[in-house]
Amino acid sequence: MQWETVIGLEIHAQLATQSKIFSGSATSFGAEPNTQASLVDLGMPGTLPVLNAEAVRMACKFGLAIDAEIADKNVFARKNYFYPDLPKGYQTSQMDHPIVGKGYLDITLEDGSTRRIGITRAHLEEDAGKSLHEDFQGMSGIDLNRAGTPLLEIVSEPDIRSAKEAVAYVKAIHALVRYLGICDGNMAEGSLRCDCNVSVRPKGQVEFGTRAEIKNVNSFRFIEKAINHEVQRQIELIEDGGKVVQETRLYDPNKDETRSMRSKEEANDYRYFPCPDLLPVVIEQSFLDEVRASLPELPVEKRERFEREFGLSAYDADVLAASREMADYFEAVQRVCGDAKLAANWVMGELSSLLNKDNLDIEQSPVSAEQLGGMIQRIKDNTISGKIAKMVFEAMAAGEGSADEIIEKKGLKQVTDSGAIEKMLDEVLAANAEQVEQYRASDEAKRGKMFGFFVGQAMKASKGKANPAQVNQLLNSKLEG
């Protein structure tokens with residue numbers, strides 16, 4: 001039997017506000033436990049929440065960016081459940097009246113095709129604290145620094161049909177919230193995490209299968225692996241005569257498997273009710289107009305402009321626009337050197353290789369955009385060859401200065417004097433007289449390989465400094481003459 005996978009994702013994006021959603025406590029990561037939790041965050045009697053207007057602004061930014069309906073009136077509710085790191089006994093969230101309604105996001109797949117994924121809603125809520133299970137001699141510790149941190153929960157339609165599509169969608173959301181400046185997207189710190197709702201059904205069946213929810217997956221790689229494992233588990237279970245149970249599961253990356261956490265009944269047992277301490281939030285059109293005017297160029301728009309304005313391929317434009325920082329770096333290089341294609345090649349090639357090798361983000365690049373652009377200028381004006389440029393790039397990465405300083409200090413300037421190159425070629429040909437005779441006696445096919453030998457000898461003799469185009473042109477004239 002052929003099976004179809006059905007996936008819906010719930011992404012929790014931590015909003016990049018300076019303070020929490022209902023209190024003035026800081027939201028910075030890494031503080032000592034329980035040093036960023038106020039009386040409001042602790043749920044002390046008599047305290048009242050005050051809504052953070054910046055969290056509302058950020059949610060509206062996201063809604064406008066996905067072409068969604070923004071509710072002119074949205075309401076906070078109490079989601080009641082008991083857990084040790086939830087000091088109030090309820091989570092303040094939005095249920096029936098979320099701030100962001102239906103929207104969509106177009107994703108690009110590995111084969112270059114695009115798919116439109118529907119977004120059901122995005123709502124504001126507060127985060128819970130964190131239970132710590134190590135170093136407490138059989139007990140758990142509770143850190144409430146994260147309690148009350150503003151989250152935007154982004155809920156997709158069940159439109160995703162494979163683990164690779166799921167990863168492409170999460171990457172697109174990740175890029176979007178970073179472009180908008182509403183979330184730093186740091187998955188290792190929990191700033192962006194994902195719940196994966198996975199089910200399977202016989203191909204052609206309209207009715208959805210029973211789903212399992214994989215909680216809190218925090219890397220692109222783990223999202224793909226968790227979904228693939230869960231799909232295989234469900235198919236094998238059904239084909240062996242069993243039934244999938246609706247439940248919450250946890251992905252264990254060490255064992256590459258999902259395991260059951262708790263069953264989850266269809267009935268909603270959270271006992272939502274409107275929060276009596278928070279008034280409904282009314283969004284006026286003037287506020288939305290102001291937010292819309294503040295939107296940056298979005299990833300899709302940037303990709304299209306890179307293709308249109310710089311003549312880049314769809315692939316190159318997609319890679320360079322994948323993050324705001326990468327796009328900004330590329331454009332800075334392009335402005336300095338005036339050659340978009342060369343800039344794209346170096347940013348996607350040598351620079352990306354360097355960053356990957358040293359596990360660095362582009363903001364930590366040891367080679368600035370101005371330095372790289374200046375080096376590309378020296379390639380364009382024939383001061384250095386592409387081969388020498390790689391040596392210059394390595395020296396810049398090692399902190400040895402600008403391209404001009406390195407070229408001057410190391411004597412790397414390319415030889416473009418035709419007379420000097422001709423003299424050097426005459427010496428090379430004289431030293432390889434036997435090969436010259438073989439070349440002239442050979443057919444066209446053999447000459448191609450032998451010509452490469454002479455070019456190699458010439459570049460070796462010039463220590464890589466001779467202009468390759470001139471070497472090829474003059475060498476061809478001498479060998480054919």
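Student: Let's start with D381: is this residue buried, partly exposed or exposed?

Tutor: Quick caveats: this is a predicted model, where local features need pLDDT of at least 70, side-chain atom pairs count only at pLDDT 80 or more, and totals for chains, interfaces and linings use all residues. Numbering runs from 1 along each chain as its sequence is written, and side-chain values use heavy atoms, with hydrogens and water left out.

Now, D381 is partly exposed, at a relative accessible area of 38% (buried is under 20%, exposed is over 50%, partly exposed is in between, with a 1.4 Å probe and protein chains only). D381 pairs up with R378 in a salt bridge, with 2.9 Å between the closest N and O atoms; the term means a side-chain nitrogen of Lys or Arg within 4 Å of a carboxyl oxygen of Asp or Glu. R378 itself is buried, at 17%.

R378 also forms a salt bridge with D404, the closest N and O atoms being 3.0 Å apart. That one ties together parts that are 26 residues apart in sequence, because D404 lies in helix α11 (residues 403-410) and R378 in helix α9 (residues 369-380). Helices here are DSSP runs of H or I, at least four residues, numbered from the N terminus. D404 is partly exposed, with 43% relative accessibility.

Elsewhere, salt bridges that share partners join E297, K302, R305, E309 and E331 into one network. For the whole structure, the search turns up 33 salt bridges.

Methods: Helices (H or I, at least four residues) and strands (E, at least two) are DSSP runs, numbered from the N terminus.
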